[in-house]
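Thank you all for making time this morning.

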Amino acid sequence: MATTLPAAALTLAITLFIALSAGEPLNAQGGYSYTGVASCAGSTCHGRSEGNGAIVRQDEIATWQSPSAVSGAHSRAYAVLGGRRGQQIAASLGLGDAREAPACLGCHATYAPGPERGPRFRLDDGVGCESCHGAAIGWLSSHYEVRGTHPANVRNGLTPLEDPQARARVCLDCHYGSTDRGQFVTHSMMAAGHPRITFELDLFSSFQQHHDVDSDYVQRKGRPDSVQLWAVGQAEAVARATDLFARPEYGQEGVFPQLYFYDCHSCHRPITDGEERRLTFETNPGRPITFGQPPFNDENIIMLSTVADVLAPGRADAFRSASRNFHDAMDNGRADAQRAAIALRSEAQALSSALSGRNFGSNDAFTIVARIGSDATSPRFTDYTGSVQAVMAIDTLLNALVTDGRVTTGAAAGIRANLNRAYVAVRSPNGYRPAQFREALGDAVSAIGRLR
């Protein structure tokens, strides 16, 4: 026969449960930190089949698990390792089974050390909740408390992804590289077949947005700003690239520099031998390097220079000078390049902090779009990677203008034809033609400018 507790005892039990949940880690006996995706997948939490929750959608697991949509890319990351391409790459590098190789698992799974994995943790879940939100053992109980708060969750270890700098640094760990185990894609990996790495924070965030930015979200975390996310993402990408490059164990590979950092397509273009030469190198006004010198991949440097001109003019000259000095130092040897990288990293970090603390206005997106298409910036789009970054930027900023009500959905649709021409120009590295790309991008920028 069931029994019921007296009211006073029930109150005491609830009080003790809350106190223990808030003050004592759930892993007091198990010793683990990562609880696994299953700990988030309850039907009253994030595991509903339809997004009809009162506070959060509650179908976050379903969108994360999408078998074909881009929103499910993280959940599919581990399975990719078992595919033909993943196994071929691992075999070429002598890594054994890619599904067991630390060099792969750092980014294709939530790669927690064995003792830190709870009983519901599964490596084959891929890039799970805790890869982005942080090991859940400290904040899980406060996260589902009825009167729990977001600041309390953050104090308990939840990653504050509403902070543009925090979000960028988490994403960059895999979408550019880090010093953590298995989170750096080498030139050897790309030679074996790994795709080229690229990064754009706002666009990538929109692909993985499993929540609605409604009144409740704004009340708890503030309203996100797409222009700020994009700008801070560019700054953090430059800071991360130069930080890794400056480290000898990452920036050097034997007698060669680590070619991962350089523009792939400045070298990897079709080579022909005929009466009419075909140049595979175009002089770039932002890079004072010797003709034929492999250029450092400056896709984010170009965008950040544009951002600085518009949003942080007081720091623009210092950043531009540091970036030119960095490129120039490539002709002088590793020691000079390393010092210049550290100086450039410092400028990028300063810009990141300035942009994170800045209030963004309704005209910022229009102004940045115009600057990207201006004579000061457009001539720098000589390489495939920089051009891909530029068209993603225009796309992101156009979407921000629509979200802010500055451009109608219909007007944006009319601009898509021009923007799509720019995308077509960078569809394939082998088919890339700088002049045609600059023309297409310029037409899209002019069309957006007419709506201002």
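This is a predicted model: local features need pLDDT of at least 70, side-chain atom pairs count only at pLDDT 80 or more; totals for chains, interfaces and linings use all residues.

Gln58 has a relative accessible area of 10%, and because the cut-off for a buried residue is under 20%, it counts as buried. Gln58 sits in the loop between helix 1, residues 7-23, and helix 2, residues 60-64. As background, most residues other than glycine have a negative phi.

A second residue to look at is Ser305, which is placed in helix 16. Ser305 is buried as well, with a relative accessible area of 5%. If we set aside its neighbours within four places in sequence, Ser305 is in contact with Phe319, Arg320 and Arg380.

From there I would like to move to the nonpolar packing. The largest nonpolar core has 86 residues, and those with the most contacts inside it are Ile372, Phe437 and Leu441. Helix 13 contributes the largest share of this core, with 13 residues. Another core, of 12 residues, lies apart from it, and among its members are Tyr34, Leu105, Ala112 and Leu123.

Let us stay with Ile372 for a moment. Not counting residues up to four places away in sequence, Ile372 touches Trp230, Met303, Thr306, Thr377, Ser378, Phe381, Ala393, Ile394, Leu397 and Leu441. Ile372 is also one of the buried residues of helix 19, which covers residues 364-372, and the others are Asp364, Ala365, Phe366, Ile368 and Val369. Against which helices do the buried residues of helix 19 pack? They pack against helix 13, helix 16, helix 20, residues 384-403, and helix 22, residues 434-449.

Next come the aromatic rings, where the structure holds 16 pairs. One of them is formed by Phe184 and Tyr260, which are edge-to-face, at 5.1 Å centre to centre and with 65° between the planes. This pair links distant parts of the chain, 76 residues apart, with Phe184 in the loop between helix 9 (164-175) and helix 10 (187-192), and Tyr260 in the loop between strand 2 (256-257) and helix 15 (264-267). Both Phe184 and Tyr260 are buried.

A further example is Tyr384 with Tyr432, whose ring centres are 6.0 Å apart and whose planes stand at 80°, so this pair is edge-to-face. Since Tyr384 lies in helix 20 and Tyr432 in the loop between helix 21 (409-425) and helix 22, the pair ties together parts that are 48 residues apart in sequence. Tyr384 and Tyr432 are both buried. Ring pairs also join Tyr176, Phe184, Phe245, Tyr250, Tyr260, Phe261, Tyr262, Phe296 and Phe326 into a cluster.

How many cavities of 30 Å³ or more does the count come to? The count comes to 5. The largest cavity holds about 110 Å³ of space. Its lining is made of 13 residues, and Tyr176, Ala241, Asn297, Glu299 and Asn300 lie nearest its centre. Two elements give two or more residues to this lining, namely helix 13 (226-246) and helix 16 (299-311), and helix 13 gives the most, with 4 residues. By class, the lining of the largest cavity has 8 nonpolar, 4 polar and 1 charged residues.

The second largest cavity contains about 80 Å³ of space.

The lining of the second largest pocket divides into 8 nonpolar, 5 polar and 2 charged residues.

Note on methods. Residues are numbered from 1 along each chain as its sequence is written. Side-chain values use heavy atoms; hydrogens and water are left out. On a 1 Å grid over the protein atoms alone, a cavity is a set of points where a 1.4 Å probe fits but cannot get out, and a pocket is an open set with protein on both sides within 12 Å along at least five of seven lines; lining residues have an atom within 4 Å of a point. Grid points are joined across faces, edges and corners, and a volume is the space filled by probe spheres set on the points. Ala, Val, Leu, Ile, Met, Phe, Trp, Tyr, Cys and Pro count as nonpolar, Asp, Glu, Lys and Arg as charged, and the others, Gly among them, as polar. A nonpolar core is a set of buried Ala, Val, Leu, Ile, Met, Phe, Trp, Tyr and Cys residues joined through side-chain atoms within 4.5 Å. Buried means under 20% relative accessible area, exposed over 50%, partly exposed in between (1.4 Å probe, protein chains only). Contact means heavy atoms within 4.5 Å. Rings of Phe, Tyr and Trp (its six-membered ring) pair if their centres lie within 6.5 Å; planes under 30 degrees apart count as stacked, over 60 as edge-to-face and the rest as tilted.
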